[in-house]
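Let's walk through this structure together, one part at a time. Keep the sequence beside you as you read.

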Amino acid sequence: MLSRLQELRREEETLLRVRAALHEQLTRLKVEELALQSLIRSREENATLPSAALAEEAQKTLGQMDNEAAINQTQLHLSLQDHEEEEEEEEEESDS
């Protein structure tokens, strides 16, 4: 009974970490959305700028956002992987 309760607590901790990571990701996506909307508005307002300059600016912004998303995804993956390893170690200890 006690081990089951401990297992449920570990699962809860894992789910809370995943929830926090997803919340952070959602917040970043909202910021990216606002940045893209701002970029679109500025493009519409500055229609006199050459399209090549606008495309370069948009590509730069999207590249930065892609890098951040990749970093965040890697951090989430590593965090979950660490937790799984901890659970495996704890299970091995409880088996012996």
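Arginine 28 and glutamate 24 sit 4 residues apart in helix H1, so about one helical turn separates them. Their side chains form a salt bridge, with the closest N and O atoms 3.8 Å apart. The term salt bridge here means a side-chain nitrogen of Lys or Arg within 4 Å of a carboxyl oxygen of Asp or Glu. Arginine 28 is partly exposed at a relative accessible area of 29%, and glutamate 24 is partly exposed as well, at 43%. For these labels, buried means under 20% relative accessible area, exposed means over 50%, and partly exposed is in between (1.4 Å probe, protein chains only).

A word on what you are looking at: this is a predicted model, in which local features need pLDDT of at least 70 and side-chain atom pairs count only at pLDDT 80 or more, while totals for chains, interfaces and linings use all residues. Residues are numbered from 1 along each chain as its sequence is written, and side-chain values use heavy atoms, leaving out hydrogens and water.

How many salt bridges are there by this rule? The count is 3. Another one joins glutamate 13 to arginine 17, where the closest N and O atoms are 4.0 Å apart. Both residues belong to helix H1 and lie 4 residues apart, about one turn of the helix. Glutamate 13 is partly exposed at 40% relative accessibility, and arginine 17 is partly exposed at 37%.

Glutamate 7 is partly exposed, with a relative accessible area of 34%, and arginine 4 is partly exposed at 43%.

Now step back to the whole fold. The protein has 2 helices and 0 strands; helices (H or I, at least four residues) and strands (E, at least two) are DSSP runs, numbered from the N terminus. Within H1, the buried residues are Arg10, Thr14, Gln25, Glu32 and Leu39. Of the protein's 96 residues, 10% count as buried.Finally, find the largest pocket, which holds about 210 Å³ of space. A pocket is an open set of points on a 1 Å grid over the protein atoms alone, where a 1.4 Å probe fits, with protein on both sides within 12 Å along at least five of seven lines; lining residues have an atom within 4 Å of a point. Its volume is the space filled by probe spheres set on the points, which are joined across faces, edges and corners. Helix H1 (2-45) and helix H2 (51-95) each supply at least two lining residues, and H1 gives the most, with 6. Among the residues lining this pocket are Arg4, Glu7, Arg10, Glu87 and Ser94. The lining divides into no nonpolar, 3 polar and 7 charged residues, where Ala, Val, Leu, Ile, Met, Phe, Trp, Tyr, Cys and Pro count as nonpolar, Asp, Glu, Lys and Arg as charged, and the others, Gly among them, as polar.
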